[in-house]
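These notebook entries record what I looked up in the structure, one topic at a time.

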Amino acid sequence: MDKASTSKFSLRTRTTSEKLIDVGFKNIVVAMASMVAVVLFSIFAVVYYESTESISRYGLRFLFSSAWNPVTDEYGAFTAIYGTLFTSIASLVIAIPLGVGTAIFITENIIPKYLRNVIGLMVELLAAIPSVVLGLWAVFIMEPFIRPFLNTIYEIFGFIPFFSTQPLGAGMMPAILILVVMILPIITSISKDSLKQVPSKLRQAAYGIGASRWTTIFQVIIPAAISGITGGVLLALGRAMGETMAVTMIIGNSNNFSWSIFAPSYTISSMLANQFGEADGSQVSSLMYAALILMVLTLLVNVFAQWIVKKLSLKYQ
Amino acid sequence: MNYTSQKHLTYNPSLTRNIGNKALTIISALFSIISVLPLILVIIYVLIKGGSYINIETLILEPEPPGDDLLTAGGIGPAITGTFIMTVIASIISIPVGVGGGIYLAEYSKSGRFAKFIRFGSNVLAGVPSIIAGVFIYAIIVSTKILFGSMFSGIAGGISLSILMLPTIIKTTDEALKLVPNDMRRAAFGIGASKFTMITNITLPAAFTSISTGVLLALARAAGETAPLIFTALFSRYYITSFDDLFYEMGSLSVLIYNFALEPYEAQNQLAWAASFILVVVLLSLNILSRWIGTLGAFSKHKV
């Protein structure tokens, strides 16, 4: 080696400023990552702190009373909790077969690939439509369209408590249907992804021993993808419980408890959207208590979703 | 080979299993059609009904106060600028924090206990209902008047939107950086780069397209959100004219749709449809744009 090349590539140590930048950058990104934890904890802390007054005043009675009277200062969230759970579970019952069915249809080779991609893209674009636009559509287009059908159901099955009031516009049933529209993309796209990840060996082995297409799907493909599908369904449940705008616009916002799915009702989130702006005093505290219940419910569902995906997916890896 | 064995080897459509297969295939096709139908119907109605109310006046005028049965309800100009401003505020907060958090997860602590906790936390945060973000910001910013004594403000609205964007950006940054091959990191270290230089000059540029896909999707979601805004930014019928106006109520397209859809007057409802048209067109374009950018990615899952 001659002198020229050694001077060209001389050895040097990092300067102090370079080291400082390196350490500083690490600390900054650690701080930014911690923001997630900070925000999450402060949401819980703030909502809990704001609701302590109501918690100490009503305790668990709050969950089972449907009184909501700002004049007498008496609050209970039973109608809203029931509405939240009922609408989200009912919409899930409708959306699971539709979503998983669609996911199967677009992962099997029934129709040409570009058509399948188009259907997949369309379902995912449905998720991009803001909930308030779906609410607008539900109020002006969907609800007037389905009302005659609901009326027919009421006339025939009116003796059953679930159908016992006349559909007069806003109510639980249209809210359930719009929730189906909102959670379909979640269930479909997550199911599609997990169905796609099933090794093709499993499918070929099933075909090889003479299983038909749908025997293969039901007994091999779906069991292999069940972790992802369950995770998607639970995520959709969490989304349905927290969904606010479309539901608020179409559910009718009434705190009177009714078994009928045609009657106006309430969910926790629609109650918050409706009353939080004008509430004061102990009503704020009661609304915060309801918000806390909603948070705990969605948290449980989401944690359970993450746990079940881990638990079930170990089986096939 | 005799006749009977050949008969068993040919496709027999009247067999129970073949009929069942056909039936299930048809049912699944039907389900797909039902699933796609809402999108088509919503888009048709929003484009036709909303599009028919779009003209220059609707786009730039301020909305008239509801109540009188006016012939026109004004326009949605302030709502468009309001949505834009609040989305920008939300991005200014959530993009640096989210990308920084994602860098920490992917580059500094791949499987540490803290990183696992943060990943779990951002999944939980992603599942927090959007209205709770509004309630939270109301409690810490609006009701305490912590922002220079202002209550409902565009800034509070932007902050509550940033809470919703944060988990998506962290997750996509984390995943995008994980797809960058480790060879590139080792090569950078090998020629003497510090970790900071390696991240800013090698891995971040390599993951840039995937990260921007996630950022655009988060942005599109935030721009359409209503629930966090109805008691943080509230609503305003006026254009903002100065910097100070950021500390006052601010209108947005989504809250305009919510407020005016529930008005009993036809003119207001038409304005809600016009606002939906703008919102849906912008959000769908953002979504399609982000998908297109995603296909350009150098390290998308399909190419590595």
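**Entry 1. Chain A**

How many helices and strands does chain A have? I find twelve helices and two strands in chain A. For these I use DSSP runs numbered from the N terminus, a helix being H or I over at least four residues and a strand being E over at least two. From the N terminus on, the order in chain A is α-α-α-β-β-α-α-α-α-α-α-α-α-α. The radius of gyration of chain A is 26 Å, well over the 20 Å that the globule rule gives for 317 residues, so chain A is more spread out than a compact globule. That radius is taken over C-alpha atoms, and the globule rule is 2.2 Å times the number of residues to the power 0.38. I note a span of about 100 × 65 × 35 Å for the C-alpha trace of chain A along its principal axes.

**Entry 2. Basis and confidence**

I am working from a predicted model, in which local features need pLDDT of at least 70 and side-chain atom pairs count only at pLDDT 80 or more, while totals for chains, interfaces and linings use all residues. Residues are numbered from 1 along each chain as its sequence is written, and chains are lettered from A and ligands numbered from 1 in the order in which they are written. The model scores ipTM 0.90 and pTM 0.90. For chain B the mean pLDDT (the predictor's confidence in each residue, from 0 to 100) is 87, and 93% of its residues reach 70 or more. Over residues 300–304 of chain B the pLDDT is below 50, and this stretch has seven contacts in the model beyond near neighbours in sequence. I count two residues as in contact if their C-beta atoms, placed from the backbone, lie within 7 Å.

**Entry 3. Chain B**

I find eleven helices and zero strands in chain B. The radius of gyration of chain B is 26 Å, well over the 19 Å from the globule rule for 304 residues, so chain B too is more spread out than a compact globule. Its C-alpha atoms fill a box of roughly 90 × 65 × 35 Å along the principal axes.

**Entry 4. Contact between the chains**

The contact takes 68 residues from chain B and 70 residues from chain A. Which helix gives the most to the side of chain B that touches chain A? I find that α2(B) does, with 18 residues. That side of chain B divides into 47 nonpolar, 19 polar and two charged residues. Here Ala, Val, Leu, Ile, Met, Phe, Trp, Tyr, Cys and Pro count as nonpolar, Asp, Glu, Lys and Arg as charged, and the others, Gly among them, as polar.

**Entry 5. Helix pairs**

I looked up α10(B) and α11(B), which pack at an angle of about 150° with their axes 8 Å apart. Axes are lines fitted to C-alpha atoms, for helices over the stretch in contact, and angles run from 0 to 180 degrees between N-to-C directions. The two helices are therefore roughly antiparallel to each other; angles under 35 degrees count as roughly parallel, over 145 as roughly antiparallel, 65 to 115 as roughly perpendicular and the rest as oblique. Residues of α10(B), including L253(B) and F260(B), meet residues of α11(B), including Q268(B) and L279(B). This contact holds ten nonpolar, four polar and no charged residues.

In chain A, the axes of α4 (residues 78–107) and α7 (residues 172–196) come within 6 Å and cross at roughly 40°. That makes α4(A) oblique to α7(A).
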